[in-house]
Amino acid sequence: MDNQHGTRRTFRKDKPIHYTFKIQSFSSLSKNSIDKWNSCDFEVGGYKWKLSLHPKGNKNKGVKDHLSLYLAVAETSSLPSDWEVKVIFKLFLYDQLRDKYLMLEDADGRVRRFHGMKTEWGFDQFLQLAVFHDSSFGYLVDDTCVFGVEIFVMENTGKGECLSLIKQISPSTYTWKIEHFSHLVNESYYSEEFVAEDYKWKILVYPKGYGLRKDNSLSAFMSLTNSATLSSSKEVYVKCKLRVVNQLDGKHIEKALNLQKYVSTSSAWGWLDVVSLNDLKDPKKGFLVNDTCILEAEVTIIAVVDKMS
């Protein structure tokens, strides 16, 4: 590795993924006094590019004993007047004897800005000419060489998120006494509304069960009743507990949601099998006394996420 002049030189086996530029009869460039040769245009990341090779060094920069190689934006007429594209790129030269590539990139992974006043970036001293022309290094074999490039366009999507953790976490509790339980006829019932960290909640209960647990267990869910007021970019992360109070010996049944995400389109989470109907109706169990079932809810807001787009 050579980190001189902010350039990182390494080797790798993999071929450049975006473009290769093979030159046969390379010596003809010098014989015909060609100081610069551009590759054909190619497209990467929605932009057109080209490789620009100075076979005897970039004379405009006083380079004499090195190859100079650059990446340039090839077509700008269709771009807006204030166009700018940010890029991380790597330039390559194939070692034909060892089947590997010399790779040059900015040592610090710097992002380069291409714009109207700067359409070209690269390396003035890409490789010493003496090394390049020495066939034992494998870069120029039978008067043939292969250059390459990888281009990673840094698109600014503007997306992100803001995670707001609750500093002083304090659970909100609510107790719901469901009287005349054996006389309930509707499929489901809502509790009264209660508040936790400015969000409104209700317990949704299915006395005879819901879904796969219908006619087998009591089912219950914690419902965020004002979820429709949440923007599509907001998420509320919550811990919930629900207890079926044992009114005889205090051995309650407790269910928990360790960390659940509530969004505008998903406003209720809970449990299909809070307690079996057999246990609930067994007078010895203590969950239904004087035809009254008591549910205790505990809601803790952990965090709120606002997505940015």
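**Close-up views of a predicted model**

**View 1. Two spans carry one annotation.** UniProt, in an unreviewed entry, lists "domain: MATH" for residues 16–151 and 171–299. Such annotations may be inferred rather than shown by experiment. This is a predicted model: local features need pLDDT of at least 70, side-chain atom pairs count only at pLDDT 80 or more, and totals for chains, interfaces and linings use all residues. Residues are numbered from 1 along each chain as its sequence is written, and side-chain values use heavy atoms, without hydrogens or water.

**View 2. The ends of each span.** Residues 16–151 are 7% helix and 49% strand. Their end C-alpha atoms lie 10 Å apart. Residues 171–299 are 4% helix and 50% strand, with end C-alpha atoms 5 Å apart. Helices (H or I, at least four residues) and strands (E, at least two) are DSSP runs.

**View 3. Two nonpolar cores.** A nonpolar core joins buried Ala, Val, Leu, Ile, Met, Phe, Trp, Tyr and Cys residues through side-chain atoms within 4.5 Å. Buried means under 20% relative accessible area, exposed over 50%, partly exposed in between (1.4 Å probe, protein chains only). The largest core has 37 residues; W49, F126, F132 and F147 have the most contacts inside it. A second, separate core of 36 residues includes F181, W201, V205 and L280.

**View 4. K261 on its strand.** K261 sits in strand β19, residues 253–262. K261 counts as partly exposed because its relative accessibility is 35%. Leaving out residues up to four places away in sequence, K261 touches E235, V236, Y237 and W269. Contact means heavy atoms within 4.5 Å. A303 is 42 residues from K261 in sequence, yet their C-alpha atoms are 9.6 Å apart.
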